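Take a moment with the sequence and the model before reading on. The paragraphs below go through strand pairing and then confidence.

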Amino acid sequence: MTEPGAGTAQIGVLIVDDEEPARSILREHLERVPGVRVVGECANGFEALRSAAELSPRIVFLDIEMPKLDGFEVLELLDPSIAAVFVTAYDAYAVKAFEVHAVDYVLKPFEASRIALAVERARERLSRGTAVRAGELHAAARPEGTYLARVVVRDGSRVHIIPVERLDAVVAQDDYLALKSEGRTYLKQQTLSSLAAALDPTRFVRVHRSHVVRLDLLARLEPYGNGSHVAVLADGTRVPVSREGHARLKELLG
Amino acid sequence: MHPILAHQGRLLPYLAACAPLAVIVTALLARPGGLFLGEAVALAIPLTFAYAFMGLSAWYPCRQLPLTGSKALPLVLTHAAAAALISGVWVGLAALLSGAYGLIPAFRGLQGRFASQAVTLFAAGVLLYLLAAALNYVLLALEAAAQAQRREAELAVLAREAELAVLKAQIRPHFLFNSLNSISALASSDPPRAQQMCVRLGDFLRKSLSLGEKTSISVGEELELSRAYLAVEQLRFGARLEVEEDLDERSSRCLVPPLLLQPLVENAVRHGIATRVEGGRVRVGVACGGGRLRILIENPFDPDSPSRPGSGRGLENVRQRLAARYGEEALFAAKRLADRYLVVISVPAELSA
């Protein structure tokens, strides 16, 4: 007689939830799924990123509302080869969860079989080997009429949180974005289009194919020949303004 | 527009009520040495009904100068001037009418006979003005009463709506689902605690359902509901959630609208304690003094944690309900400091018996 699930490789799972009872029931259900090994439990987003780097799980079961970093932000900063399953009491985030390519979305409370099914789906996704670029989609998958409140950036083992009111400008550089905030620059792998789409259009303007600036930092516009312009920011930084960018600025500033 | 003219069906009864006045005016004009009876009737009837309309114009000075809240001198002078003006116009009208009647052979000499009655008619006009002014003041009072009643009804509807809104928001589904999830977890790992949580959740639900029907409850009862809620949350959050209560015996007997504190305490947990890795302490302070009841709810929050949707609605609901019940007398302030959140409420103290 073969053990159910025998033959499948052991798969490492990380549990992330800020409530102890919620973690314990997940662990209980997960440990009964054949071939699953729970590699760790984390109570917040920072811990989750650290543990994910140390313990290399293949699947993460993620709560959404947590201290420091919410589940979506954790997913954005995780290694994209990790499969994420959201586990939450809120059904309101479901659409957003699938837009960021979560493998599954489990509602609390849940039965053991539901957790087994989530593991099944994660295995399937992992076997197809499709890497997921969550960061791209996270920015786009916000609720209608709301804008990004903060941008999270991973820098080695450190996580920087930049509230948008302190984000001064964004410059596209090859595959990366350079995010300027209070005199410092943070690099993030994302496209300018996806970030620009998630920022409040009344506060941030894409003045150029590779430049976004915060509107209240704009000091003046100078002509730069051939119909193009240069924007001068409060700190003296000069940013190129394309024809489209100039039209957008004129519309915003009236 | 004048209320009598503005409503169909009021004018005819009003004119009918004026008919007896025509008899009096007739009698006045037909006094011995005055007009012949036929002449008096012919003059009095159109004159009385003309006055019925002219008297309505007293509405405007009456509305400008309400009996309460106006100074006596301007009140008397204004009405005296209005009375003189209207009576003067009325006597003039009567003179014109008698002149016109005088052209008819049967009424020859009417103009001369009328002249001797002009002063009497003027005096009658002044008296009629007083009557008209009194009528207008009564109408104004009735209108004000009706308006006050309408406003009261509107306020009652508003208060009811606000209460229904809080009832709907009262048992927030996420709280139930999270609690059920905890129970499901504890059922296998710690059955006695699972049982305890079922009891506490039941206790909270029973209390909040029974309070919904009341319009006022004591601060003490309201705090018990908050405690029942916090007892459930404590099983979820463990050592992360601490509670500090500070209230005196007197304030616990003060009356407040139901479900005032509990949603605020729930906000303090969801948007405060739950955002902090290390948790924190929710402080609830209630004090009664100087005719006011003051409530303070304070909680720490982590400014570096993402904000969660939904806090604005709960606060707005409490603000509306306070406004519906206390109007201008309610003070409600929610303040976000660097890492603490404060909600302050001050309302007139109502002591229960």
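How many bridges join strand β6 of chain A to strand β7 of chain A? There are six, and the two strands run antiparallel. Keep in mind that this is a predicted model. Strand β6 covers residues 150-155 of chain A, and β7 covers residues 158-163. Then go to the turn. Two residues lie between the strands of this hairpin. Look there for A:Gly156, whose phi is positive, near 65 degrees.

Now move along chain A to a sheet. Three strands build it, in the order β13-β14-β15. The sheet is open, and its pairing is antiparallel. Which strands stand at the edges? They are β13 (218-223) and β15 (238-241) of chain A. Each has a single partner strand, so one side of each lacks a neighbour in the sheet. From one strand to the next, the twist averages 30 degrees.

Look next at strand β14 of chain A, residues 229-233. Four bridges join β14 to β15(A), and these two run antiparallel. One pair to find is A:His229 and A:Val241: the histidine stands opposite the valine, which belongs to β15(A).

How far does the predictor trust its model? Chain A has a mean pLDDT of 87. In this chain, 90% of residues reach 70 or more. Residues 1-7 of chain A are another matter: pLDDT stays under 50 there. For this stretch the model has four contacts beyond four places in sequence.

Methods
Residues numbered from 1 in each chain as written. Chains lettered and ligands numbered in written order. Predicted model: local features only at pLDDT ≥ 70, side-chain atom pairs only at ≥ 80, totals over all residues. Pairing = 2+ DSSP bridges. Axes fitted to C-alpha atoms, helices over the stretch in contact; angles between N-to-C directions. pLDDT = per-residue confidence, 0-100. Contact = placed C-beta atoms within 7 Å.
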